[in-house]
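Me: I have a model open and want to learn how to read it. Can we go feature by feature?

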Amino acid sequence: MLCPVCCVEYVEVEFDMEVEGVILHNVKALKCPDCEEELFTPQQHEAIKKKIEDSTGH
Ligand SMILES: [Zn+2]
């Protein structure tokens, strides 16, 4: 996928983040190496939702 601003290919990055008070580890996202814009693919978004549900027990 290309960054629409820089026309540079996004790279996959992995990091920890906090959502709704839940710490998520090894969250994958795409990041533009140029403007450092981050985005989630639908699959990555789905994985984050699952991690949240797992940690909250819902
Ligand atoms: Zn960019």
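Predicted model: local features only at pLDDT ≥ 70, side-chain atom pairs only at ≥ 80, totals over all residues.

Me: What span should the 15 residues of H1 have, and what is the distance between its end C-alpha atoms?
Reply: At 1.5 Å a residue, H1 should span 21 Å. The end C-alpha atoms of H1 are 21 Å apart, so the two agree. Just after H1, Gly57 takes a positive phi of about 80°.

Me: How many of the 15 residues of H1 are buried?
Reply: Count C-beta neighbours. A residue is buried if 20 or more other C-beta atoms lie within 10 Å of its own, and exposed if 12 or fewer. In H1 the number buried is 0, so the helix lies largely in the open. Take Gln43, which lies in H1 (residues 42-56). Gln43 has 9 other C-beta atoms within 10 Å, so Gln43 is exposed. Across the protein chain, 2% of the 58 residues count as buried.

Me: How many bridges join E1 to E2, and how many join E2 to E3?
Reply: Go pair by pair. E1 (residues 11-19) and E2 (residues 22-31) are joined by 8 bridges. Within that pairing, Phe15 stands opposite Val27 in E2. E2 and E3 (residues 38-39) are joined by 2 bridges. Lys31 has Glu38 in E3 as its bridge partner. Leu30 has Leu39 in E3 as its partner.

Me: Which residues take a positive phi in the hairpins?
Reply: Look between the strands. The hairpin of E1 and E2 has 2 residues between the strands, and Glu20 takes a positive phi near 50°. The hairpin of E2 and E3 has 6 residues between the strands, and there Glu36 takes a positive phi near 65°.

Me: Which residues does Met17 contact, leaving aside its neighbours within four places in sequence?
Reply: Start with the general idea. In a regular strand, side chains alternate between the two faces of the sheet. Now the case: Met17 lies in strand E1. Beyond those sequence neighbours, Met17 is in contact with Leu24 and Val27. Met17 counts as partly exposed, because it has 13 C-beta neighbours inside 10 Å. Ala47 is 30 residues from Met17 along the chain, and their C-alpha atoms are separated by 13 Å.

Me: What pattern does the protein chain follow along the sequence?
Reply: List the elements in order. The protein chain has 1 helix and 3 strands. Along the sequence they follow β-β-β-α. The C-alpha atoms fill a box of roughly 40 × 15 × 15 Å, taken along the principal axes.

Terms used
Residues numbered from 1 in each chain as written. Helix = DSSP H or I, 4+ residues; strand = E, 2+ residues; numbered from the N terminus. Pairing = 2+ DSSP bridges. Contact = placed C-beta atoms within 7 Å. Expected span 1.5 Å × (residues − 1).
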